[in-house]
Every structure is written in C-alpha cells, then in structure tokens.
Amino acid sequence: MEATVSDERPAREGPATFREVFAQVEYRAILTASTLSWIGDYIAKAAVTVLVYRETESVALSAAAFAVSYLPWLVGGPLLATLAERHRYRHVMVTCDLVRMALMVLVAIPGNPPWLILALLFGTTLANPPSQAARSALMPLILTGDRVVVGLSINASTGQAAQVVGYLIGAGIATVNPTAALLINAVTFGASALLVRFGVRDRPPAMTAAHRSHLLRETAQGFQIVFGRPVLRAIAVLVFSAMLFSIVPEGLAAAWAADRAGGDLDTGVAQAVIMAANPVGFILGGLLVGRAFSPARRLTLMRPLAVLAPAALVPALLDPPPAVVAVLAATCGFAVAGLLPVANGLFVRALPDGYRARAFGVMASGIQIIQGVAVLTTGLLAERFPIPAVVGTWSAAGVVLMLAAALTWPSREAVDAAVEAAGRVDPAGAVPHTRRPGTPAQATGAVDDRPGERGRRSHAVT
C-alpha cells in the first residue's frame, strides 16, 4: 500500500512556536497542574518504597508499593477512562485531584500497616485513568492545528523531566522523612486542583445522558474505534511497537550495569546513567524535532524515526560499555520523541470529540501492558543469555516490526478521509462510520446535527 504522508493536510501550515502554545492560558494551567502532579507522584513513589521497606524489610513488598501505580491501567484503564467521557472534563480532573490529595494524606499517617498503605495507594491510582483521559481529551479543544503536536511534545518532554526531578527529590527527602515526601505529593494534588478549577474553562460533557448506554458497551466502543478504523489502528501499532523495545534498556539497567560496570563508573553510577539516558534523549528529541521541523517534514520523518528507534539499540550486540549503552538508549529516546507527538497529534485529529477519553484509555492501557511484557520477557531471556545479545536481538526484531508498520502505513487519501470522518459523530452514540473518499457525507448517515458539535471539532482538525 502506498505509504506517503509528506503532503497531508498539515503541509500547508507553518510550524507552531512555543510562544503560540504557551499563549493559551488554559494550556499553561493544565501543563503547570500536570507538572506538579507528576513531580509529586514520583516523589511519592520513591518515598513509599522506602517507607514500606523500613516497615517490612521486604524487597518484594517494597517493589509492590512501586508497581501498584500501574495496576489500575492493567485491570481497568479503559473502563475508568470511559467515565471521563460522561462528565465535564474540568470536573473530572478536579475531583480526581482532590480524591488523590485526601488519600495521600491518609497514606502519610505514621504507623499505617503495609497492607493499608498498599490499599490506599491503589485507591489513589484508580483516579489516574479518568484524570489523564480528561486531560488528553481537552488538548485538541484548547490547542488548534500544529499547536496540538507541539503541545503534546512539550507535555511528553516535561513528563520525562518531572520523572528525573521527582525521583531525585523523593529519594533525598524519603531517606530523612518519608512522611514529608508523601505530604508534598498531597499538596501538589491540591495545587493542581486549584489550577484546573480556576484556569480551565468549563465545557459540557462529551457524552450527554441521552447518549449513554452501558459502561461496558461504551468502553467496548473505545476498542472498536481504535482497532476498527485503519488509520487509528496503524497509529496504535506504531506507538505500541515503539514502546515494545524503547523501555528495555531502562528495565534491564540494574543487571546490565552490574555486569559491565568498571573503570570510571561504579555499578550505581552506571545504572543511573543508563536509566537516565532514554528520558534525556526523549526530552531533546521532543523539543528539537517539534520546533526545528515543519508539520509536513515531521510527518515525513515519522516513519524513518520509527525504524531508527530500534535500530539504535542493535549495536548492543557488540557488548559496549555502559557509557556507550547510554548513548544508544539516548538515541532511541530521541527517535521515539520525534515520532510519538506527531503520531499522537494525528491520532487526536482522527478521533471524534465523544471518543477521545475512551480511546486514550485503550492506548494508555496498551502502552502499560506492552512495556510490562517487554521488560518481563527480556528479563526472562537475560536469565539464560547475555544481556547485550538479548537487547540487540530484541531490537533487531523491532526493526523488522517497524519496517512492516512503516510499509503498511495508510495512504494520504485514507488519512484525509479519517480526519474528515472524525468531524461527524453519530447522535445515537454509535462509533462513527468511515466513508470512502469521494462519498458524500450525507450518504454515511453519520452527520452530526447536535448544536455546537462542529464548532468544537474545528479545534482538532486543521
């Protein structure tokens, strides 16, 4: 199939600037609120692992305290994200922040037994899917045209930086006073709630009461729209494939550093360098690619970057020292950062308003599962084979996978039709039809007659 995307509709746009993106008051409020929450979360993760280990002296329970934050995405991410579609996005985000603030205060109470800490943490993380889904669905309503892609790139890079800062601050505070670190997280949630409440405009729910059916059915529609529409499915395959291998150096960093540390780097430093390399590369790639290239050029670069990302890790077969491993991981992160915001921007443009939160839940849950499977599988393989051979071979398979995804990328006509079809939402709440190029919109039966719907779509389609 023809795989040309270089002359898609955004080709007529100039690249958005950071100034244009930050000029949006609502975007600044959401980014600031999100950054506070991210830093607070990573501070809490570092603190909780220390707290649980001090109470139990159990590595397994300490690891469980760290891993519990991923559990809601695995067991019910799409279902919880669907809730964001039923209510006002601002209300969902504020409510989730207040719930998490209250639960983190309870976690910080001295003397809590480990089982109660884990239960409260699980309750806290249950609020993550609907909150993040609502934030994701708001982005194309706040930013227009290429600003969506640049905004997503800024978000992703800021999230990576928040991870590094949060872990460093959290580890430092947690060794002295874990309770203080947990209370800091509670404060960040409270501040986030205030920023969203007073900095974001209230909007009606994407799905009115008349359009609701059963929660499970609405969740299933999220899967249907992501995997049932060729363009969205192609984007999902590309994103999931990128996650399948880019996480591996970070996941195997501890064992890799222990095997190859020496010379100027001890084991701890080697592990830190490998783990930090991918986020650093991601930050640089997101900022440079998002700013230095036009929308048309970024679309052209998307597929080459998709192949470069796993290819950057193939030299691990040569068993390089940790410093070189870090360079390879940073290159992979750079390529992934150039790919993901563009893919995400195209994804939100091809989604109708009433399905964005649900589709986000599907994608976020898939990413969590893919990353977990990748680390688990390569970890098991590394028990029997050398880590460099495992990473290099796994990445070589990733090159083949990415080549297949690039070669089967939808045609320009299919992409244009998907973006156009996203502007028509079935009033009955069914997944919108995808009409063939050249077919009159009225023939599909999917023209939306709800007042204001077309006006909202104009924020996402350029």
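How many residues does helix α5 have, and how far does α5 reach from its first C-alpha to its last? Select residues 89-107: α5 has 19 residues and reaches 27 Å, close to the 27 Å expected at 1.5 Å a residue (the expected span being 1.5 Å times one less than the number of residues). Helices here are DSSP runs of H or I with at least four residues, strands are E runs of at least two, and both are numbered from the N terminus.

Before moving on, a word on what you're looking at. This is a predicted model, where local features need pLDDT of at least 70 and side-chain atom pairs count only at pLDDT 80 or more, while totals for chains, interfaces and linings use all residues. Residues are numbered from 1 along each chain as its sequence is written, and side-chain values use heavy atoms, with hydrogens and water left out.

**Zoom out**

Show the whole chain: you'll find 20 helices and 0 strands. Of its 462 residues, 53% count as buried (buried is under 20% relative accessible area, exposed is over 50%, and partly exposed is in between, with a 1.4 Å probe and protein chains only). Of the contacts with a separation of 6 or more, 84% are between residues 24 or more positions apart (a contact is heavy atoms within 4.5 Å).

**Back to α5**

Colour the buried residues of α5, among them Y89, R90, C96, D97 and R100. C96 counts as buried because its relative accessibility is 8%. Now pick C332, which is buried too, at 0%.

**Salt bridges**

The whole structure has 4 salt bridges (a side-chain nitrogen of Lys or Arg within 4 Å of a carboxyl oxygen of Asp or Glu). Select R203 and E26, whose side chains meet at 3.0 Å, N to O. R203 is in the loop between α9 (178-199) and α10 (215-228) and E26 is in helix α2 (residues 25-56), so this pair ties together parts 177 residues apart in sequence. Both R203 and E26 are buried.

D202 lies in the loop between α9 and α10 and R88 in the loop between α4 and α5, so the pair joins parts 114 residues apart in sequence. D202 is partly exposed at 31%, and R88 is partly exposed at 36%.

R90 is buried, with a relative accessible area of 16%. Select R88, R90 and D202 together and you have a network of salt bridges.

**Inside α17**

Go to T378 in helix α17. T378 counts as buried because its relative accessibility is 0%. Leaving aside neighbours within four places in sequence, T378 is in contact with V248, L252, V390 and W394.

**Last stop: the surface**

Switch to a surface view and select L71, L74, I369 and V373, which make a nonpolar patch of about 310 Å². α4 (71-86) and α17 (356-382) are the elements that give two or more residues to this patch. L74, in helix α4, is partly exposed at 44%. Patch residues have over 30% relative accessible area and no salt bridge, with nonpolar side chains (Val, Leu, Ile, Met, Phe, Trp, Tyr) joined within 5 Å and like charges within 9 Å.

Notes:
Areas by Shrake-Rupley, 256 points an atom, 1.4 Å probe, with all protein chains shown as cover.
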